[in-house]
Each structure stands twice: as C-alpha cells, then as structure tokens.
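Hi everyone, thanks for coming.

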Amino acid sequence: VHQVIYEELVQGRAEPSSRQAYRDVIARLVERGAEAVILGCTEIMLLVGPADSAVPLFDTTALHAEAAVDMALAEA
C-alpha cells in the first residue's frame with residue numbers, strides 16, 4: 001500500500017497491477033468482516049472507487065471537505 005502511494009499515486013501514475021492489488025486488499029478486509037473501508041490517503045481515490053469494493057469506501061478528502069463546508073456555514 002505504502003509503495004503504491006509514494007512511488008505511483010503521488011507522481012500521478014496508477015498502474016493496473018496496483019489497482020488490482022488494492023482491490024485484493026479490500027476483498028481480504030471484507031472477508032475478515034470489514035463493513036466499510038476508510039481510504040486514509042488523499043490519493044487512493046485515484047486508484048479505486050465504489051465499483052472496486054463490495055462495501056462502502058470512505059474518501060477522507062471528501063469527508064474533510066464536507067466537514068469544512070458544514071463548519072463554515074454553521075451559525076456561530
């Protein structure tokens with residue numbers, strides 16, 4: 001996971017073999033009982049998306065952006 005992030009994704013590359021490796025990791029997590037997967041690095045959504053997972057994927061970039069908007073629009 002770490003190697004793909006730093007040697008590919010941060011450099012703007014997404015290799016098909018890496019996409020499959022991430023799909024395999026997600027599948028193993030689901031087999032172990034995961035009900036969702038948190039994509040804890042901003043670049044991971046460049047590699048996998050909802051179609052690659054049997055469970056919901058949570059994109060931390062989107063979650064942070066939504067929280068920032070909610071906070072900015074909240075009444076003080």
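Let's start with Ser18, whose side chain makes a polar contact with the side chain of Glu8 at 2.7 Å. By polar contact I mean a pair of N or O atoms within 3.5 Å; within protein, one must be able to donate a hydrogen and the other to accept it, and residues adjacent in sequence count only if both atoms are side-chain atoms.

Before going on, a word on the source: this is a predicted model, where local features need pLDDT of at least 70 and side-chain atom pairs count only at pLDDT 80 or more, while totals for chains, interfaces and linings use all residues. Residues are numbered from 1 along each chain as its sequence is written, and side-chain values use heavy atoms, with hydrogens and water left out.

Back to our serine. Ser18 sits in helix α2, residues 16-31; helices (H or I, at least four residues) and strands (E, at least two) are DSSP runs, numbered from the N terminus. Is Ser18 buried or exposed? It counts as buried, because its relative accessibility is 5%. The cut-offs are under 20% relative accessible area for buried, over 50% for exposed, and partly exposed in between, with a 1.4 Å probe and protein chains only. Setting aside neighbours within four places in sequence, Ser18 is in contact (heavy atoms within 4.5 Å) with Val4, Glu8 and Leu47.

That brings us to Leu47, in the loop between β1 and β2 (57-59). Leu47 is buried too, at 2% relative accessible area. Not counting residues up to four places away in sequence, its contacts include Val4, Ala14, Ser18, Tyr22 and Asp52. Glu15 is also one of them: Leu47 and Glu15 are 32 residues apart in sequence, yet 8.3 Å apart in space, C-alpha to C-alpha.

Now, the core. The largest nonpolar core has 13 residues, and Tyr22, Ile44 and Val48 have the most contacts inside it. Such a core is a set of buried Ala, Val, Leu, Ile, Met, Phe, Trp, Tyr and Cys residues joined through side-chain atoms within 4.5 Å. The elements giving it two or more residues are α1 (2-7), α2 and β1 (37-39). Ile44 touches Ile5, Leu9, Tyr22 and Leu39, again leaving out residues up to four places away in sequence.

What about charges? The structure holds two salt bridges, each a side-chain nitrogen of Lys or Arg within 4 Å of a carboxyl oxygen of Asp or Glu. In one, the side chains of Asp52 and Arg23 meet at 2.5 Å, N to O. This pair links distant parts of the chain, 29 residues apart: Asp52 in the loop between β1 and β2, and Arg23 in helix α2. Arg23 is partly exposed, at 31%. In the other, Arg13 pairs with Glu15, with the closest N and O atoms 3.3 Å apart. Arg13 is partly exposed at 36%, and Glu15 is partly exposed at 30%.

Finally, let's zoom out. The chain has three helices and two strands, in the order α-α-β-β-α. Its radius of gyration, taken over C-alpha atoms, is 14 Å, whereas a compact globule of 76 residues would have one near 11 Å (the globule rule is 2.2 Å times the number of residues to the power 0.38). Of the 76 residues, 26% count as buried. Happy to take questions!
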